[in-house]
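Subject: Handing over the model

Hi,

Here is the structure I promised to pass on. Have a look at it first, and then read my notes below.

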Amino acid sequence: MDIAKELKRLDVDLVYLDLDCDGCYIPGCKTIFVNEQLSELRARSVIYHEIGHIKIHKELFNLYNSPTIHSKMECEANQFMIDSLIDDNEGHYNYSQVLEGFNLGMGWQFKV
């Protein structure tokens, strides 16, 4: 995926900042914020995750604070991220490699 083209198509800005987290999407200002300290690959994974939220959950952001729905939305955004990373690598990743390489648990929640 060409991230710049996809963000333009979605009418979303991308900003790198010194953050306490890896990144987030703020729907009210249509901006993805990414921690500037991340490696290029980790930043790409965060951007894909947030694009996943935008594409899949655009009309559902008001439900994000519900614990059950929040967990489901995070899993769906992680699925989008993983599929996008695999597509970027022409299928050379398999799910086990992605889970290990990005320190994801089997439920695809990021491990701390």
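In which loop does aspartate 11 have its place? Aspartate 11 lies in the loop between H1 and strand S1 (13-17). I'll come back to that residue, but some background first.

Please keep in mind that this is a predicted model, where local features need pLDDT of at least 70 and side-chain atom pairs count only at pLDDT 80 or more, while totals for chains, interfaces and linings use all residues. Residues are numbered from 1 along each chain as its sequence is written, and side-chain values use heavy atoms, with hydrogens and water left out.

**The overall layout**

The chain has 4 helices and 3 strands (helices are DSSP runs of H or I with at least four residues, strands are runs of E with at least two, and both are numbered from the N terminus). Following the sequence, you get the pattern α-β-β-β-α-α-α. Of the 112 residues in the chain, 37% are buried (buried is under 20% relative accessible area, exposed is over 50%, and partly exposed is in between, using a 1.4 Å probe and protein chains only). Taking the contacts with a separation of 6 or more, 42% are between residues 24 or more positions apart (a contact means heavy atoms within 4.5 Å).

H2 covers residues 40-57, and its 18 residues should span 26 Å at 1.5 Å a residue; the end C-alpha atoms are 25 Å apart, which agrees (the expected span is 1.5 Å times one less than the number of residues). Within H2, 13 of the 18 residues are buried, so the helix is largely enclosed by the rest of the structure.

How do H1 and H2 cross? Their axes come within 12 Å and cross at roughly 25° (axes are lines fitted to C-alpha atoms, for helices over the stretch in contact, with angles from 0 to 180 degrees between N-to-C directions). The two helices are therefore roughly parallel to each other (angles under 35 degrees count as roughly parallel, over 145 as roughly antiparallel, 65 to 115 as roughly perpendicular and the rest as oblique). On the H1 side, Ile3, Glu6, Leu7, Arg9 and Leu10 meet residues of H2 that include Arg44, Tyr48 and Lys55.

Glutamate 6 is worth a click: it sits in helix H1 (residues 3-10) and, at 11% relative accessibility, counts as buried. Leaving out residues up to four places away in sequence, glutamate 6 touches Met1, Ile51 and Lys55. With lysine 55 there is a polar contact between the two side chains, at 3.1 Å (a pair of N or O atoms within 3.5 Å; within protein, one must be able to donate a hydrogen and the other to accept it, and residues adjacent in sequence count only if both atoms are side-chain atoms).

Most residues other than glycine have a negative phi. Aspartate 11, though not a glycine, has a positive phi near 60°, and at 52% relative accessibility it counts as exposed. Lysine 30 is not a glycine either, and its phi is positive at about 50°. You'll find lysine 30 in the loop between strand S2 (23-26) and strand S3 (31-35), where it counts as partly exposed at 33% relative accessibility.

**Leucine 17**

Finally, go to leucine 17 in strand S1, which counts as partly exposed at 35% relative accessibility. Its C-alpha atom is separated by 5.2 Å from that of glutamate 36, 19 residues apart along the chain. Beyond its neighbours within four places in sequence, leucine 17 contacts Phe33, Val34, Asn35 and Glu36.

Cheers
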